[in-house]
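Good morning, and thank you for making time for this item.

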Amino acid sequence: MSLTKEHTVTVHQSTESRIDQVDFDNLVFGSVFSDHMFECDYKDGAWQNATIRPYGPLSVYPSAKVFHYGQAVFEGMKAYKDDNGGVFLFRPLENLKRINKSSVRMAIPEFPEELFFDAMNQLLSLDKAWVKPGFGNSLYIRPFVIATQNGVSASPSTEYKFMIILSPAQAYYTGDVKVVIAENFSRAADGGVGYAKAAGNYGAQFYPTNLAKEKGFQQVIWTDANEHKYLEEAGTMNVFFRINDTLYTAPTNDRILDGVTRKSVIALAEQAGIDVKVYRLTVDELVAAANDGSLKEIFGAGTAAVISPVSAFSYKDNTYELPEVNSSFATQFKKQLMDIQHNASDDPFGWRYEVK
Ligand SMILES: Cc1ncc(COP(=O)(O)O)c(C=O)c1O
């Protein structure tokens, strides 16, 4: 863990809030940002100058390494408000651990836990009014790190900026999602950076996802790069398949992001006595299950949409429609997760974190 020079966060509060200019009933995901942001610089081998200031532009030179070598990682989390005005995070330590895991892979120094929680608590307390109560409402939290050292030599930066910005959100996807199973393109390779939330993993998905969109599908389910035989994950979601009453999801490895929602769904399913198999399901097994009627559900699991039911998938120019299911697993897990997140139910696993 890298040293920090000091643990105090300097706060420069904005003089006027922009909140009255925001139409909270018509939010486009990730397009509006709250009044404040957190930033902290890494130089001379230590994180320093931890500051909260009004959301605004950065001054960075064009030679900063992030622009040339993509040395950047990020996280995605959410804050939720209950009816009494309490603000909650969901398993935030998992996100800190994951950004540090991503950082290690990208040769970026890790960020200290104590400072992360201090910054998060102070930032969310200042911008508490931007977290709206009600199911589906949240404040999306985007921590990220960029390489800021000037110079275009292809070597790790010696300077970085860790930031947190906040964006009010409603439900991420509207309606069901139709997906394409990848046959040629790959998201990640063995020994690569697929398990990290490295910025370039996402930029690389835009082109194949655009091709899927042109065909009327919203997402791609990625398959293994070697054979395109095993189902892995979607763009920003892990994926679950229900065949009869067994729930399958791919094991995480160095190609797949270890999703917080994924592991929470597995825990909820096991608690409910559902047969969960962490198993490398093949595309052939999926197609066979779709053909014989045993495929009941496919759903994505991720912070942005919580649970996204998939209504159809396409493979080799065939489209397979999913059946309508009464009492679906997707609905059950979505309700349970949202109840925990919004402080509307017990929290048997200790996943909720109240912002102080
Ligand atoms: C590639 C990828 N897979 C899965 C997920 C779901 O992870 P989580 O549930 O932690 O949001 C995400 C989103 O962070 C992602 O980017």
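Which side chain does a polar contact of 3.0 Å join to that of Thr 223? The partner is the side chain of His 228. By polar contact I mean a pair of N or O atoms within 3.5 Å; within protein, one must be able to donate a hydrogen and the other to accept it, and residues adjacent in sequence count only if both atoms are side-chain atoms.

Before continuing, the basis of these values. This is a predicted model, in which local features need pLDDT of at least 70 and side-chain atom pairs count only at pLDDT 80 or more, while totals for chains, interfaces and linings use all residues. Residues are numbered from 1 along each chain as its sequence is written, and side-chain values use heavy atoms, with hydrogens and water left out.

To return to Thr 223, this residue is found in strand β11, residues 219-223; strands are DSSP runs of E, at least two residues, and helices are runs of H or I, at least four, numbered from the N terminus. Thr 223 has a relative accessible area of 1% and is therefore buried, the term for under 20% with a 1.4 Å probe and protein chains only. A polar atom of its side chain also lies 2.9 Å from the backbone oxygen of Ala 182.

Next, Lys 81, in strand β6, residues 77-81. The Lys 81 side chain does reach two backbone oxygens: that of Lys 128 at 2.9 Å, and that of Val 131 at 2.9 Å.

Finally, the ligand. A polar side-chain atom of Lys 197 lies 2.6 Å from a ligand oxygen, and one of Glu 233 lies 2.5 Å from a ligand nitrogen. The side chain of Thr 261 places an N or O atom 2.5 Å from an oxygen of the ligand.

Notes. Buried < 20%, exposed > 50% of the residue type's maximum accessible area, 1.4 Å probe, protein only.
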